[in-house]
Amino acid sequence: MEKKSEDAPLLVAQSGPLNGQRWSIRSKMVVGRGSTCDIMIADRQISRQHALLTSTSNGVLLEDLNSKNGTLLNGQPLEEAVLLDDGDLVQIAFVQQFLYLSSDATLPLDADFQAPASVLSGLLRLDKRSRRVWIGDQEVLPPLSVSQFSLLEMLYENQGLVVTRADLIKAIWGEEQAVVVSEQALDALVRRLRNRLASVESDHVYIATIRGHGLRLDNPPITED
């Protein structure tokens, strides 16, 4: 594992076989299964040379190297080389997830990225920094898409309150796009998010619809056995 250099961009391994390791990004770094890769992931789902990270004057560029099982950025398939933003989540073939930090000065104190404690001690918990979600001790994987996380984050920050559909649309799509986003688009997003949460916990509906008002997060408290 490469040592950190001061103020260097970082790639932090989260869920996956490399969980907890981190690398400073200097020049070019190849991620893949091959023994010569800078970050080696020993899994057959990973291509020998899967993805490339390149440090440029404008930031760190992420590129998929025509891998068999693909690279995802914030839950979306990577189609072309993209400059990474602080806090981006990089997924290598659903095997290994990385968190990108633009500087080691922004590295969270919780370097092992354990599930954060919720102020309200709810069963569902999320970490805004790494954009990870847990239900109990089980993480929701693969990671939520950016829009799914934005919806859940808005409800999570307003636990116990009903958030109007108009406010949700603005939070997810932004002020400018909100005027052209349909109610059906929000309904479809809510449905996908419910399905993702149900894949971990199917006995409880976390996203409650309050007819005529909006949506509310129904986050039951953690109970002691």
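Q: How many aromatic pairs does the structure hold?
A: This is a predicted model. The structure holds 1 aromatic pair.

Q: Stacked, tilted or edge-to-face: how do I class the rings of W23 and F98?
A: Look at the angle between the planes. Over 60 degrees counts as edge-to-face. The planes of W23 and F98 stand at 70°, so this pair is edge-to-face. The ring centres are 5.9 Å apart.

Q: Where in the chain do W23 and F98 sit?
A: W23 belongs to strand β2 (residues 22-24). F98 belongs to strand β11 (residues 96-101). The two are 75 residues apart, so read the pair as a link between distant parts of the chain.

Q: Are W23 and F98 buried or exposed?
A: Buried means under 20% relative accessible area. Both W23 and F98 are buried. Across the protein, 46% of the 225 residues count as buried.

Q: How do I read the strand order of the open sheet?
A: Read along the sheet, strand by strand. Here 5 strands run in the order β4-β3-β5-β6-β9, and the pairing is mixed. The edges are β4 (39-40) and β9 (82-83). Each has a single partner strand, so one side of each lacks a neighbour in the sheet.

Q: How does β3 join β5, parallel or antiparallel?
A: Check the bridges and the strand direction. Strand β3 (residues 28-32) and strand β5 (residues 51-56) run antiparallel, joined by 4 bridges. In this pairing, M29 of the chain stands opposite L53 in β5.

Q: Which residues of α4 are buried, and what covers them?
A: The buried residues are L186, A188, L189, V190, L193, R196 and L197. Their cover includes two helices, α1 (146-156) and α2 (165-173). It also includes strands β12 (124-127), β13 (132-135), β16 (207-210) and β17 (214-217). In total, the protein has 4 helices and 17 strands.

Q: What is the mean pLDDT of the protein, and where does pLDDT stay under 50?
A: Take the mean, then look at stretches. The mean pLDDT is 84, and 87% of residues reach 70 or more. Over residues 1-5 the pLDDT is below 50, with 19 contacts beyond near neighbours in sequence. Residues 104-120 also stay under 50. For that stretch the model has 36 contacts beyond four places in sequence.

Methods: Residues are numbered from 1 along each chain as its sequence is written. This is a predicted model: local features need pLDDT of at least 70, side-chain atom pairs count only at pLDDT 80 or more; totals for chains, interfaces and linings use all residues. Side-chain values use heavy atoms; hydrogens and water are left out. Two strands pair if DSSP finds at least two bridges between them. Rings of Phe, Tyr and Trp (its six-membered ring) pair if their centres lie within 6.5 Å; planes under 30 degrees apart count as stacked, over 60 as edge-to-face and the rest as tilted. Buried means under 20% relative accessible area, exposed over 50%, partly exposed in between (1.4 Å probe, protein chains only). Contact means heavy atoms within 4.5 Å. pLDDT is the predictor's confidence in each residue, from 0 to 100.
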